[in-house]
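The structure is shown first, and the notes follow by topic.

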Amino acid sequence: MRPVLYVATFMAVMALAFWAYRENYATQRALRNVTDLQREITALREALSIQNAEWAYLNRPDRLRDLTALNYDRLGLLPLEPEQFGQVDQTAYPPSTFPAGMLAVSDAVDVGGTQGTLP
Amino acid sequence: MTRTPLRPLARILSARLKGENPDKIERENLRLRHEATRDKARARAEVRLLFLGLAFFAAFSLIGTRMGMLAASEPEEAQVRASGAPILAQRGDITDRNGRVLATNLQTYALYAQPKDMVDPARVAREVAAIFPDMIEADLHRRLTDGRSFMWLRRVLSPEQMQRVHDIGDPGLLFGPREMRLYPNGTLAAHVLGGASFGAEGVQSAEVIGTAGIEKAMDARLRDPGQAGTPLTLSLDLTIQATIEEVLSTGMQMMNAKGAAAILMDVHTGEIVSLASLPTFDPNNRPSLPVSGDPGDSPLFNRAVQGVYELGSTYKIFAVAQAMELGLVNPSTMFDVTPPLRMGRFKINEFEGKNYGPLLSVSDIITKSSNVGTGRIALLIGGVRQKAFLTALGLLDASPIEVVEARTGKPLIPKRWPEIVTITAAYGQGISSSPMNLAAAYATIANGGTSVKPTLLHSETRQQGPRVMSAATAKAAVTMLRRVVTDGTASLGDVPGYFVAGKTGTADKPKKGGGYYDDKVINTFASIFPANDPAYVLIVTLDEPIETSGDEPRRTAGWTSVPVAAEIIRRTAPLLGLRPEVEAIPLDRLTAVSN
């Protein structure tokens, strides 16, 4: 009985040693992978911050203003002015036929004059 | 194991034969047995002690070795973290209320030299001077060869410059990573943002510190590593800020002014939607402080916050509002306004020697901007109560706004408060405050009488400040201000659909040595819109404007600041989402919007 126990213990120790050896290398591999990923994340974040900065730079209001002036023939963009506000009844009605599968909005209303009494 | 008997029969018998006591044999044997047991136990204990000692030795040597290794090795960042902790910028971004970037960081490099490692200093000096035009070759060569071992060459490099320095290929030229503060919108909102520069510099990094504006005022928040990932959201709106700066700049040129400021403030939340001061500067390339001349003429000077001016007749509404609050007058109380109003050796006259007399109602005193009438109302109130009221409106203390310059914009108030000060303060002379103070005071009126603290930080919640005047008084004051635009001095300020209410102020500029200039004025228009449901306060101030379209130059606010303010309201109100009410819409009207 006893020799069997010894052999079993020895085998178990060997198995555990093998497992620990493999785990050790797997951990090292995972760590290397994490380092690589973090380096990649850092690089991507850096790129993202540069692109965000560039996006903000390209969308700065004075550049957009110049661009709308340059492309006025094509775009016809003008600053928003009070005259451009209208009533809902000034717009054309939506088409009465709806594509299949879409529900028609029925009896929609616009409520006017809710901004308080005039002085 | 064989057990020896304590009383072996052979020895007992022979002992009995000899007449000895057999118990002695038993005791002797017992003693021997005890000794044997003791020796065995001691041996076992010795082995155990040895084993324990070895174990302790091994444990202590393990700990000692580990400590030695830790002490001797280079410190290293822990590689395994609970989360993939992001590598964040060291300084938080600043965005406007809609998340558009106002200030961010850019990864760049600094250039430094280690002349000891340099192969050919003469060539390096020549080629580096060719890349950076502001460097002088001879000077650079002298510094590279005078025996120093380290030298900064450039704080930040563009990628092109960095490539050209790489191409020189000298091992003595090295790069250190840097984080640079970038303001992508250039001069836009420059006075709010202020600027940033490098603090302590090392080869591997440099700290970025705020030098002015909100960058300095909120420096601790922006540098807090815990909040580096969340941008600081300001109350500014980039589109509206750009529009106001554009209109204000055009207006400043048309009115031949040397400076201008505008503040647009939400009266409920206290948020500053726009703050402009002209002339302006580029925070990316912040100019140095002027060493000579008037600091107020520098583009760095924030006229909206630091510019402490006598704001003139815009103050009149405060005296009238207080008198109504105290129950001394109502809008139709009549006053004798025949000039001059005498007070000791002083004589108070109307603007340009006009005479609105003999009698004027309180409402008309505001509409026509009568100094004499306001002076009489102020005398009814008295200096002590007047000072307390102005303090409650925040006009006598530095504005709490979050830019570092606000501390230097402390209002100038007279040391003593005799009756003549009571009169002049009522119409805004002899007492100076910044346009920001004025904006907060007007916001208090527009907000229904509870005080509003101006802030540059985005917040959606309505401020619940202490009540300064009753809602009825505030409403009556707004109605009077509306009449200034419809019937009074600010008739050019009416914007169809937005019911602008406001008060003009034309104040002579004080001379350095005392007295006032005849031909230099500060023109202010403080407005509230829309008057039926006040939502915003707009202050427009022009410095030394002259309107020259007529026969003779005009210097009153009604001709200079008011049209500029009207254009600003016309352009920004739609952007603020305010719908113009051009015609009376019947209440609770329903319109079918589908067929």
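Chain B contains 17 helices and 19 strands, where helices (H or I, at least four residues) and strands (E, at least two) are DSSP runs numbered from the N terminus. The model is predicted: local features need pLDDT of at least 70 and side-chain atom pairs count only at pLDDT 80 or more, while totals for chains, interfaces and linings use all residues. Residues are numbered from 1 along each chain as its sequence is written, and chains are lettered from A and ligands numbered from 1 in the order in which they are written.

**Overall dimensions**
- The radius of gyration of chain B is 42 Å, whereas a compact globule of 595 residues would have one near 25 Å; the value is taken over C-alpha atoms, and the globule rule is 2.2 Å times the number of residues to the power 0.38.
- Along the principal axes, the C-alpha atoms of chain B fill a box of roughly 160 × 75 × 75 Å.
- In chain B, 43% of the 595 residues count as buried (20 or more other C-beta atoms within 10 Å of the residue's own, with C-beta atoms placed from the backbone).
- Among contacts in chain B with a separation of 6 or more, 70% join residues 24 or more positions apart; a contact requires C-beta atoms, placed from the backbone, within 7 Å.

**Nonpolar cores**
- The largest nonpolar core has 134 residues, and B:A262, B:I263, B:V320 and B:V537 have the most contacts inside it; such a core is a set of buried Ala, Val, Leu, Ile, Met, Phe, Trp, Tyr and Cys residues joined through C-beta atoms within 7 Å.
- Helix 15 (residues 435–446) of chain B gives this core its largest share, 9 residues.
- A second, separate core of 13 residues includes B:Y109, B:L140, B:L157 and B:V165.

**B:A260 in strand 8**
- B:A260 lies in strand 8 (residues 259–266) of chain B and counts as buried because it has 27 C-beta neighbours inside 10 Å.
- Leaving aside residues up to four places away in sequence, B:A260 touches residues including B:L248, B:L278 and B:L542.
- A distance of 67 Å separates the C-alpha atoms of B:A260 and B:M67, which are 193 residues apart along the chain.

**Helix 14**
- Helix 14 (residues 419–426) of chain B is mostly covered, with 6 of its 8 residues buried.
- The buried residues of helix 14 of chain B pack against elements including helix 10 (316–325), strand 12 (341–343) and helix 12 (371–381) of chain B.
- B:G428, which follows helix 14 of chain B, has a positive phi near 80°.

Terms used
A residue is buried if 20 or more other C-beta atoms lie within 10 Å of its own, exposed if 12 or fewer, and partly exposed in between; C-beta atoms are placed from the backbone. Two residues are in contact if their C-beta atoms, placed from the backbone, lie within 7 Å.
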